[in-house]
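Biologist: I would like a close look at a single part of this model. Please keep to what can be computed from the atoms.

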Amino acid sequence: MAKLLNEPFTRKEKRYILDMIQGNINRIAVSNDIEEIVCHLNFAVDRLSALAYSRIKELKED
């Protein structure tokens with residue numbers, strides 16, 4: 001896990017994260033429905049978790 005924190009994210013990973021966060025912010029900004037907002041936040045967390053898991057798996061294989 002420490003190696004995960006020492007390795008910088010690639011440009012592709014940074015772009016993916018920024019695009020995903022911006023997309024969720026845009027959807028949240030136009031919604032007044034708390035359930036929809038929570039759903040978008042949960043989706044964002046799931047996608048970020050998947051990215052972190054992918055990074056950990058990649059580093060363990062090295």
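Predicted model: local features only at pLDDT ≥ 70, side-chain atom pairs only at ≥ 80, totals over all residues.

Modeller: Residues are numbered from 1 along each chain as its sequence is written, and side-chain values use heavy atoms, with hydrogens and water left out. Glu36 lies in helix 3 (residues 34–61); helices are DSSP runs of H or I with at least four residues, strands are runs of E with at least two, and both are numbered from the N terminus. Glu36 is partly exposed, at 36% relative accessibility; buried means under 20% relative accessible area, exposed over 50%, and partly exposed in between, with a 1.4 Å probe and protein chains only. The side chain of Glu36 makes a polar contact of 3.1 Å with that of Ser31 (a pair of N or O atoms within 3.5 Å; within protein, one must be able to donate a hydrogen and the other to accept it, and residues adjacent in sequence count only if both atoms are side-chain atoms).

As for the setting, the protein has three helices and zero strands, in the order α-α-α along the sequence. Of its 62 residues, 21% count as buried. Among contacts with a separation of 6 or more, 70% come from residues 24 or more positions apart, where contact means heavy atoms within 4.5 Å.
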